[in-house]
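Have a look at the sequence and the fold first.

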Amino acid sequence: MDSASLPDQPPSLKQPESRPALRVTELASGLLLLLDEHGITGRLPLDARAQASRLRHAVKLTVQATTGTAARPPTPPSATAGELLQAWIAAQPWAQPDPGPVGWAYLLCFRDPATGEHRPLRGNGCRGQFAGHYWGWTDDLVRRINREHRNPNWTGPGRLVQVALAAGLTFELAYVEYPATRSRERRLKNQGGAYRRCPLCRGTGSPLDPVQVAAAVSRLPVARLED
Ligand SMILES: [Zn+2]
């Protein structure tokens, strides 16, 4: 699966925005904020979640294209409501310039192999290491999950997962966002509360198969949303 074949920044976004386009951006970003705020994003079916991720990415590109990323002039006092909202959107963490490649942000949920129930990793050290979930980012979901995390002898990134496997735990792929940058993954991680975001722990979703997820996302109509 070559996720890099999906276009991520169509040239049309670099053109000056029209008023209707700005309105759509405002409404879309408002909807995304509400979905996040109410914790709904993680409970959406996979295809809807992937489209929400695409919409988030498209909104961000539009905001960056219309406000500029380096020097943003202060909002004049006579700004319209639309301009105020646009400035507010541009100041949101998720709308900040997000350099770097686009790939998958994903959440692993550690499980008990016998019961299938959620079971956190409990370390033995004096620091009391405790991890129920693992956030990661990759440009190749299938390789990372199936050939790296599932491999008990893997020595690359994601050491915590191997520690969990060695402790007798297993894991499921619980949540994905695509397209997502490494910065998006860091923000998800820093928000904390992986348990609250995990569809398996909330009982709102089933384990994801990386092969099916990658195949489903590659079939989504990409251009239509980002045109
Ligand atoms: Zn979980």
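Which residues are exposed on the other side of α5? They are Arg-159 and Ala-166. This is a predicted model, in which local features need pLDDT of at least 70, side-chain atom pairs count only at pLDDT 80 or more, and totals for chains, interfaces and linings use all residues. Residues are numbered from 1 along each chain as its sequence is written.

**Helix α5**
- Helices (H or I, at least four residues) and strands (E, at least two) are DSSP runs, numbered from the N terminus.
- In α5, residues 159–166, the buried residues are Val-161, Ala-164 and Leu-165.
- A residue is buried if 20 or more other C-beta atoms lie within 10 Å of its own, exposed if 12 or fewer, and partly exposed in between, with C-beta atoms placed from the backbone.
- After α5 comes Gly-168, with a positive phi near 90°.

**The sheet**
- Three strands make an open, antiparallel sheet in the order β4-β1-β5.
- β4 and β5 stand at the edges with a single partner strand each, so one side of each has no neighbour in the sheet.
- Two strands pair if DSSP finds at least two bridges between them; β1 and β5 pair in the antiparallel sense over eight bridges.
- Gly-103 has Ala-180 in β5 as its bridge partner.
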